[in-house]
Amino acid sequence: MQKLMLALFVLFTFQLSLVSQNLQSPSEFLGYPIGSQFSRNHQIVDYFKAVAAARPKQVKIESYGTTNERRGLNLAYISSEENIKNLEAIRTKNLKNIGLLEGKATSSEVAIVWLSYNVHGNEASSSEAAMLTLYNLLTKHNDLLKNTVVIIDPSVNPDGRDRYVNWYNQTADNIYNTDAQASEHQEPWPGGRPNHYLFDLNRDWVWATQVETQQRLKVYNQWMPHVHVDFHEQGINEPYYFAPAAEPFHEIITDWQRDFQTEIGKNHAKYFDAEGWLFFTRERFDLFYPSYGDTYPTYMGAMGMTYEQGGHGRAGLGILNDEGHILTLVERLTHHTTTGLSTIEMASKNAKQLNTEFKKFFNNASLNCKSYVVQGETNHINSLKELLNTHQIQFEKPEANKVSGYQYSTAKKGQMTINNSALVIHSDQPKGKMVKVLFEPNAKLSDSLTYDITAWSLPYAYGLEAIASTTKVKSNTNFTTENQPALNDAYGYVSAWNSMNDAQFLAELLQQNFKVRFTEKPFRSKDSKFERGSLIITKGDNKHIENAVAQLQRIANTFNQELTEIHSGFSQTTPDIGSPDIKLINKQKVAVLSGEGTSSLSYGEVWYFFEQDLHYPLTSINTAHLDRTNLDAYHVLILPNGNYRNVLSEKTMTKLKDWVRSGGKLIAIDGALRNFDRDEDLNLSSKRSENNTETPLLTSYADRERAYSNHLITGAIFKAKVDNTHPMGFGYGQDYFTLKQGSHNYNLLSKGYNVAYLNNTQVFSGFAGQEALKQLDQTLIFGEEPFGNGSFIYMVDNTLFRNFWENGKLFLANSIFMVNNNAFEL
């Protein structure tokens with residue numbers, strides 16, 4: 001009997017071994033030739049899991065998170081049996097070599113390559129390529145895995161991918177139509193490119209506002225790969241782009257990084273040349289703005305590269321482009337598979353040198369600035385700490401009373417007295433080069449023609465005082481936290497108003513039906529001075545709430561809110577609590593326009609702001625339904641950036657103005673202002689016409705693009721003056737650093753309130769052309785125009801841009817809750 005059982009066991013083991021060797025190709029597994037259909041996200045994940053089951057000694061699947069729409073985020077680790085067995089040792093050795101993990105550094109000859117696919121959901125060929133790349137690695141190119149660990153993220157943005165693929169599969173003809181005018185090539189708003197909140201995940205690496213990014217970075221920073229590739233698609237008339245990148249390169253990029261990406265590009269070219277495929281290099285896609293899937297890894301020491309295949313969401317399964325070529329999904333995924341495998345090949349051939357040069361990158365002795373010291377409002381500091389912790393960047397508490405160096409607020413040498421909120425971030429830490437990129441006041445720009453914004457310095461973005469010091473500032477890690485004292489029974493409680501944390505606190509109070517007041521004038525009570533905008537919660541206003549003090553205590557603790565007790569409505573200095581200058585905050589009902597005409601990105605920023613930052617209800621109204629929407633159901637209507645030419649007819653404009661006149665607040669952001677420019681009933685007017693942006697007639701064809709840049713502002717930082725006595729400016733000082741993303745500007749309002757405006761044209765960071773600068777002086781940034789019983793609120797600069805300009809968000813919160821607060825009854 002024992003012999004029979006042993007024989008059966010041996011037979012079962014043998015059969016299991018045969019099954020594990022039966023590795024299916026993507027086409028065999030999916031049931032259709034790869035590239036003949038778009039695969040849904042779950043099919044891609046299922047294929048990766050099937051391969052891992054068939055090759056358990058070479059493939060490991062890891063779930064690293066979940067999207068907003070509950071789709072899984074997964075990574076595949078592919079290598080030799082020996083490397084997979086020692087995967088954790090390879091990872092920790094890499095981190096020890098660059099000082100991110102304690103322990104003795106030892107040399108390694110294993111290259112770590114991370115391939116990211118489908119960060120833009122409608123650039124859908126790349127996830128198909130991910131499957132084929134996995135299969136080819138384990139079959140035709142197994143030898144490359146002896147000294148490489150390949151990490152594949154088959155779909156960075158599964159929500160966007162399925163939005164696109166589901167639409168296409170529902171829309172496309174049974175036999176795909178190559179006519180570019182066919183409906184299957186006309187993707188509807190908002191498209192599959194962004195994630196659930198309509199954010200561009202390829203521009204979120206540093207800011208980490210989205211759950212996909214937050215969860216991915218945890219794993220990325222546990223591995224710190226030597227090579228990272230982001231796979232994309234571009235227009236249908238472009239062939240294929242791969243490294244080397246275009247200028248400008250950020251100055252911290254090493255000669256090795258420059259040279260090796262060129263060698264990788266030459267290796268790709270060898271394969272493309274053999275097939276007669278078209279490609280281009282060194283154009284358009286630069287390495288400067290830090291929040292991309294190529295720049296972020298580069299500033300973390302890797303060979304960070306983006307690969308761009310022609311096609312995009314418009315291409316579908318096949319499209320006839322302007323050159324008469326039918327561009328198919330099969331062709332697109334084949335190109336991506338080729339460059340992916342070529343990248344791994346180059347990493348394998350140069351694994352030892354990759355490790356050596358990677359280690360060198362983390363030596364930061366040559367960095368000129370040794371310490372960045374920042375201080376400011378506590379909640380702004382805490383927000384910055386969260387961001388630094390996300391990237392595992394160390395910060396400490398300065399010991400000095402004063403620090404000297406480059407002063408951000410004046411753009412020249414100065415001195416700052418240090419207070420208890422201050423942080424110091426040193427550059428002599430492993431991620432010191434990323435510290436330089438994020439904190440330097442004005443990044444060195446080798447070429448004004450860039451792919452994105454040219455300024456992002458964190459002290460400006462977070463509204464902090466800052467000094468950059470060329471000598472290391474003494475510091476320690478002795479941070480202390482203070483518990484908030486328990487509230488006693490009192491006449492009322494006062495909370496400061498100067499950060500988004502305060503706005504979140506207010507939003508929660510309103511939703512819990514607390515009645516909250518705010519002061520339009522400073523006052524003093526119980527020997528404490530309270531500035532404009534301070535929130536006041538009185539016992540008398542909130543008798544309707546059971547255990548109101550205990551409830552208030554709970555909410556205050558949730559938001560780490562410091563409340564000051566006041567014991568009388570009689571203030572030491574006016575206004576008293578019952579003054580008309582201390583107003584009740586009405587619970588605002590807010591709507592935002594979405595759909596055709598709106599920028600999906602801008603709409604997504606507003607949507608995200610309300611759901612994830614403010615935690616306050618928001619109603620989305622599709623522009624197609626605006627004419628028949630009862631606006632009297634809302635106190636506030638937000639128009640995101642967009643082109644409303646086909647949305648706001650004369651009839652609709654009259655409807656909007658009548659609604660504002662009766663007490664509504666309309667908040668227009670960025671491009672939405674153009675709909676109210678020079679309206680006969682309104683005071684808003686452009687300072688210059690679009691014709692002024694034309695290049696000189698005698699400029700040569702070859703020089704037109706560069707000449708045109710003289711009229712551009714590509715994400716530059718300016719200092720604006722703020723009227724902080726106006727409710728829209730509550731919580732701000734007299735200066736505000738604004739990020740301008742374009743050169744279109746508006747005259748100061750002659751009727752209404754210029755809450756923030758430019759009264760000089762000094763560029764504190766980033767690029768602005770000389771012709772554009774000539775038009776900026778005395779131009780509007782934020783303003784309110786009262787109109788009947790309501791208001792038009794103009795936000796020329798978008799404070800929600802990519803959700804990283806923390807210091808601008810309170811302007812929008814003020815506009816919602818404090819500007820013209822006499823809300824009408826719904």
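**Helix packing, helix ends and a buried histidine**

Phe-609, Phe-610, Asp-613 and Leu-614 of H19 meet Lys-809, Leu-812, Ile-816 and Phe-817 of H23, where contact means heavy atoms within 4.5 Å. The residues of this contact between H19 and H23 comprise six nonpolar, no polar and two charged; Ala, Val, Leu, Ile, Met, Phe, Trp, Tyr, Cys and Pro count as nonpolar, Asp, Glu, Lys and Arg as charged, and the others, Gly among them, as polar. Helices (H or I, at least four residues) and strands (E, at least two) are DSSP runs, numbered from the N terminus.

The model is predicted: local features need pLDDT of at least 70, side-chain atom pairs count only at pLDDT 80 or more, and totals for chains, interfaces and linings use all residues. Residues are numbered from 1 along each chain as its sequence is written, and side-chain values use heavy atoms, with hydrogens and water left out.

H19 (residues 600-614) and H23 (residues 809-817) pack at an angle of about 95 degrees, and their axes are 13 Å apart. Axes are lines fitted to C-alpha atoms, for helices over the stretch in contact, and angles run from 0 to 180 degrees between N-to-C directions. H19 and H23 are therefore roughly perpendicular, a class that covers 65 to 115 degrees.

Helix H17 (residues 500-511) has twelve residues and reaches 16 Å from its first C-alpha to its last, close to the expected 16 Å; the expected span is 1.5 Å times one less than the number of residues. Eleven of the twelve residues of H17 are buried, that is, under 20% relative accessible area with a 1.4 Å probe, protein chains only (exposed is over 50%, partly exposed in between). After H17 comes Asn-513, which has a positive phi near 70 degrees.

In helix H9 (residues 255-275), 21 residues should span 30 Å, and the end C-alpha atoms are 31 Å apart, which agrees. Among the buried residues of H9 are Trp-256, Phe-260, Ile-264 and His-268. Just after H9, Gly-276 has a positive phi of about 75 degrees.

His-185 sits in the loop between helix H7 (158-171) and helix H8 (211-223). Is His-185 buried or exposed? His-185 counts as buried because its relative accessibility is 2%. Its side chain reaches the backbone oxygen of Arg-314 at 2.6 Å. Beyond neighbours within four places in sequence, His-185 contacts residues including Trp-167, Asn-177, Arg-314 and Ile-319.

Notes:
A polar contact is a pair of N or O atoms within 3.5 Å; within protein, one must be able to donate a hydrogen and the other to accept it, and residues adjacent in sequence count only if both atoms are side-chain atoms. Angles under 35 degrees count as roughly parallel, over 145 as roughly antiparallel, 65 to 115 as roughly perpendicular and the rest as oblique.
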